[in-house]
Amino acid sequence: MSEKLIDQLKVHEGVEAFGYHCTANKLTIGVGRNIDKDGGLGLSEDEIDYLLKNDIYRCRKELSETFNWFDDLDEVRQDACVNLHFNLGLTRLLGFKKALAFMESGDYLLAAEEFLDSQWRNQVGNRATEVTDMIRDGEYP
């Protein structure tokens with residue numbers, strides 16, 4: 001595959017990081033990738049996994065840069081924090097000041113209770129229970 005072809009397709013199709021509707025009104029992303037449910041290619045399992053792994057890597061990096069205690073957590077509690085970050089985004093996660101202070105001090109029982117004492121719990125249901133169990137116990141459910 002030539003770099004010239006790649007460059008040409010980028011010029012002809014355009015490069016879009018966010019979804020848009022093309023001239024045929026199909027939901028499109030990237031370089032002309034039709035992801036519309038009506039006749040589009042969508043994403044392959046490999047592409048979905050690639051995007052997910054990139055997002056997990058980004059979340060881990062941001063958590064590590066934001067919280068000096070993150071890297072000292074065991075793997076399960078790190079995964080719980082990544083799950084929270086993935087779901088809430090860093091800005092909303094930072095709003096859980098008490099829970100994060102308990103995470104930093106190693107009081108995982110109180111951290112879990114603080115996360116559960118929130119609107120987030122009502123919004124995500126069982127996800128909140130699973131993630132806070134991981135924080136409290138340091139084990140996957």
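Guide: The crossing of helix 5 and helix 6 is left-handed; helices here are DSSP runs (H or I, at least four residues), numbered from the N terminus. This is a predicted model, in which local features need pLDDT of at least 70 and side-chain atom pairs count only at pLDDT 80 or more, while totals for chains, interfaces and linings use all residues. Residues are numbered from 1 along each chain as its sequence is written, and side-chain values use heavy atoms, with hydrogens and water left out.

Visitor: At what angle do helix 5 and helix 6 pack, and why is helix 5 called roughly antiparallel to helix 6?

Guide: Helix 5 (residues 97-105) and helix 6 (residues 108-116) pack at about 165°, with their axes 8 Å apart. Because angles over 145 degrees count as roughly antiparallel (under 35 roughly parallel, 65 to 115 roughly perpendicular, the rest oblique), helix 5 is roughly antiparallel to helix 6.

Visitor: What makes the pair of Phe 96 and Trp 120 edge-to-face?

Guide: Rings of Phe, Tyr and Trp (its six-membered ring) pair if their centres lie within 6.5 Å, and planes over 60 degrees apart count as edge-to-face, under 30 as stacked and the rest as tilted. Phe 96 and Trp 120 are 6.5 Å apart centre to centre, with 80° between the planes, so the pair is edge-to-face. Phe 96 and Trp 120 also form one aromatic cluster with Phe 115.

Notes: Axes fitted to C-alpha atoms, helices over the stretch in contact; angles between N-to-C directions. Helix = DSSP H or I, 4+ residues; strand = E, 2+ residues; numbered from the N terminus. Left-handed = near helix turned anticlockwise from the far one by under 90°.
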